[in-house]
Amino acid sequence: QEQLVESGGGLVQPGGSLRLSCAASGMIFSLYDMAWYRQVPGKARELVAYITTHNTTNYEDPVKGRFTSSRDNTKNTVYLQMHSLKPEDTAVYYCNARPGGYRDSNFDIWGRGTQVTVSS
């Protein structure tokens, strides 16, 4: 069964850094576009970044220049390196997988999320 497990979240001071990991199993990882989303209570889940099967990346404006996504197909893992963290980055971060090139969200796979809290 396909599974995504996020790790690396925690409490960090403003200006600090964290690296999130998302380990995939039960799927041919290299065939999936991977994305990171985040959600705060009372708000919709929002896209943060994605990385395609061809290692093309895209970042939403609030994180552009501060976050970097990468993937290691030998480890079936995608990463989100976060620098210069701000209190507004506080959220539960979710890993998402979609078959490469698909636009249909019905095929999406989601992790359970990892909490990131940015606070002094």
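Two strands are said to pair if DSSP finds at least two bridges between them, and the strands themselves are DSSP runs (E, at least two residues), numbered from the N terminus. Strand 3 and strand 8 (residues 77-82) pair in the antiparallel sense over six bridges. The structure is a predicted model, in which local features need pLDDT of at least 70 and side-chain atom pairs count only at pLDDT 80 or more, while totals for chains, interfaces and linings use all residues. Residues are numbered from 1 along each chain as its sequence is written, and side-chain values use heavy atoms, with hydrogens and water left out.

As a reminder, strands of a sheet pair through backbone hydrogen bonds, either parallel or antiparallel.

The structure holds one disulfide, that is, a pair of cysteine sulfur atoms within 2.5 Å. It joins Cys22 to Cys95, with an S to S distance of 2.1 Å. The pair links distant parts of the chain, since Cys22 sits in strand 3 (residues 18-25) and Cys95 in strand 9 (residues 91-99), 73 residues apart. The link of Cys22 and Cys95 is left-handed, with -85° about the S-S bond. Cys22 counts as buried because its relative accessibility is 0%, the cut-off being under 20% relative accessible area with a 1.4 Å probe and protein chains only. Cys95 is likewise buried, with a relative accessible area of 0%.

Strand 9 leads on to the largest pocket. A pocket is an open set of points on a 1 Å grid over the protein atoms alone, where a 1.4 Å probe fits, with protein on both sides within 12 Å along at least five of seven lines; lining residues have an atom within 4 Å of a point. The volume of the largest pocket is about 210 Å³. Strand 4 (32-39), strand 5 (46-51) and strand 9 each supply at least two residues of its lining, and strand 4 gives the most, with four. Among the lining residues are Asp33, Tyr37, Tyr50 and Arg98.

Definitions and conventions: Buried < 20%, exposed > 50% of the residue type's maximum accessible area, 1.4 Å probe, protein only. Points joined across faces, edges and corners; volume = space filled by probe spheres on them.
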